[in-house]
Amino acid sequence: MTDLIPLTALGCTAARHEKIGAFHLTERPNLALASLSLRKGQAVPSPFGLVLPGPGQAVWSGDHGAFWTGRDQWMIEANGQTDLAALLKAAVPNASITEQTDGFAAFELTTEQGADAIDEVMRKLVNLDPHAFEAGSATRTTLDHISVFLIRRAPDKLSVIGMRTYAAALWHALAQVARRTDADIDARLSP
Amino acid sequence: MLIPHPLLGPRDAQEFIYLGDATLMHRPDATRPDAEAAFCDYVFLRHNPAGVHRELWFHEAGDRSWLVVTRNTVTHEIIGAELACDVKLGVTQ
């Protein structure tokens, strides 16, 4: 059998990580994604024991997560699953399920400076109210002209899931905004 | 410009694509005897009010929902927004 070497969205064999001042930017290559759309009139299921969230929200439980992407439509996440769509189809046989893992690249921005630093990053990056976008919020929006899913996994942890072909551009956008925000925070803290 | 999305709250108008007059949702019945004349009006005739106007906007960079946005074409004030499916199904006016 052909011996293939798996590469991450950024073209490396290992997940990229960069420390930018008080920020940590990390690639999450093992995040599996599958979309779940209900058929007309179908009751809301609870795959993997998840209570599927309402508009603008995300939930997690163990290795699985879900975030709302549209009416009767969610993206299901799992850590390290190689065929999430098949597992999801087994859990919810009547819904429309599409494998999404290969289409996306996931990055995570965390900070040692607390929620305010993530709020400041969001003010530079997207046109959303960072105070309204608290932990457990998720939405699709545009950042540097790139369409992304934004998930606030914790007050100091922002997940960005974007199109895989844009991985490098997205990484650049996130690294740059982290550098600028870090410089701004430093400037405020120094006498 | 912000559009008050009924599900997601205020969102940047740049996330939306503008289609036009919301009367486009009322497509004539093609089996009517006067269907040709009705379709001619449907395709080519639009009101062009200076003032309150109901129009279709698509949340392309968001949840991909169609909205009926009520907007004042003179002042550009956004007066309200509803989900187009709710309007079509008669859930809201």
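**Two antiparallel sheets in chain A**

Strands β10 and β11 of chain A pair in the antiparallel sense over 6 bridges, where two strands pair if DSSP finds at least two bridges between them, and where strands (E, at least two residues) and helices (H or I, at least four residues) are DSSP runs numbered from the N terminus. A hairpin of 2 residues joins β10(A) to β11(A), and within this pairing A:F149 has A:I161 of β11(A) as its bridge partner. The model is predicted, so that local features need pLDDT of at least 70 and side-chain atom pairs count only at pLDDT 80 or more, whereas totals for chains, interfaces and linings use all residues. Residues are numbered from 1 along each chain as its sequence is written, and chains are lettered from A and ligands numbered from 1 in the order in which they are written.

These two strands belong to an open sheet of 6 strands in chain A, with antiparallel pairing and the order β1-β2-β8-β11-β10-β9. Because β1 (17-20) and β9 (138-143) of chain A stand at the edges, each with a single partner strand, one side of each is left without a neighbour in the sheet. Helix α2 (residues 115-125) of chain A lies across β8, β9 and β11, running at about 135° to β8(A).

Chain A also holds an open sheet of 5 strands, in the order β4-β5-β6-β3-β7 and again antiparallel. Its edges are taken by β4 (58-61) and β7 (96-99), each with a single partner strand, so one side of each is left without a neighbour in the sheet. Within this sheet, β5 (residues 64-70) and β6 (residues 73-79) pair over 6 bridges, and A:W68 has A:W74 in β6(A) as its bridge partner. Helix α1 (residues 84-91) of chain A packs on the sheet, touching β3 (31-37), β6 and β7, with its direction at about 40° to that of β3(A).

Finally, the contact between the chains takes 11 residues from chain B and 12 residues from chain A.

Note on methods. Two residues are in contact if their C-beta atoms, placed from the backbone, lie within 7 Å. Axes are lines fitted to C-alpha atoms, for helices over the stretch in contact, and angles run from 0 to 180 degrees between N-to-C directions.
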